[in-house]
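Here is a short briefing on pockets and nonpolar cores. Look at the structure first, then read the points below.

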Amino acid sequence: VIAVDMPIGLLDRAASGGRACDQEARRILGPGRASTVFSPPVRPALDAASYGEALRINRETSPERIGISKQTYNLFARIRDLDSVLAHRPKQRIVEAHPELAFQALNGNRPLVNNKRTVAGRCQRTALLKDAGYHWIEAALGRPPKGATREDVLDATVLCWTAQRVAQGTACHVPKTPAYDSRGLPMAIWW
């Protein structure tokens, strides 16, 4: 099982609040961490050549003219790559996961107050991972791979924890009954 912090399954028409899994994940995380869940673009916008074109396409798919952020647009290449991999390897077990949902679960389903970019936030997440058996995490944080931050290491590690739970059949996901996109990909977020 591979758990990725990228959207799997895309809407063809923009919806307020994004996919049902995005909305439910925000509800579970609560006011302090809900903003860490972004709404992905609609599939037709993925082939846009510019942010302006992607924004126009996304808006044209809904009466509410729902847009996308530049931050979302900056992820388009990675979203396209993942979407392509999933189209060619449908039997491979790749799931969408969200690090903050996983950290909240490791924290006894209690929200984490501190942002992961703060010292207190990194310390809390490091302690949770060590308690989960990832004793090497401090050494990994001391030497992140080239191009990665300490926060990236924390997120990747907690996604390993999520993948292990999916493989063992102990993971959670929202919604309970996932919807599928027009290509047959599930729209669910795991932790």
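Ala, Val, Leu, Ile, Met, Phe, Trp, Tyr, Cys and Pro count as nonpolar, Asp, Glu, Lys and Arg as charged, and the others, Gly among them, as polar. This is a predicted model: local features need pLDDT of at least 70, side-chain atom pairs count only at pLDDT 80 or more, and totals for chains, interfaces and linings use all residues. Residues are numbered from 1 along each chain as its sequence is written, and side-chain values use heavy atoms, without hydrogens and water.

**Second largest pocket**
- A pocket is an open set of points on a 1 Å grid over the protein atoms alone, where a 1.4 Å probe fits, with protein on both sides within 12 Å along at least five of seven lines; lining residues have an atom within 4 Å of a point.
- The lining of the second largest pocket has 11 nonpolar, 2 polar and 3 charged residues.
- Of its 16 lining residues, Ile8, Arg93, Ile94, Val95 and Pro186 lie nearest the centre.

**Largest pocket**
- The largest pocket has 47 lining residues, and Asp5, Met6, Thr36, Phe38 and Leu75 lie nearest its centre.
- By class, 22 of the lining residues are nonpolar, 13 polar and 12 charged.

**Nonpolar cores**
- A nonpolar core joins buried (under 20% relative accessible area, 1.4 Å probe, protein chains only) Ala, Val, Leu, Ile, Met, Phe, Trp, Tyr and Cys residues through side-chain atoms within 4.5 Å.
- The largest nonpolar core has 22 residues, and Phe103 and Leu129 touch the most other members.
- Apart from this core lies another of 21 residues, including Met6, Ile66, Phe76 and Ile79.

Conventions
Buried means under 20% relative accessible area, exposed over 50%, partly exposed in between (1.4 Å probe, protein chains only).
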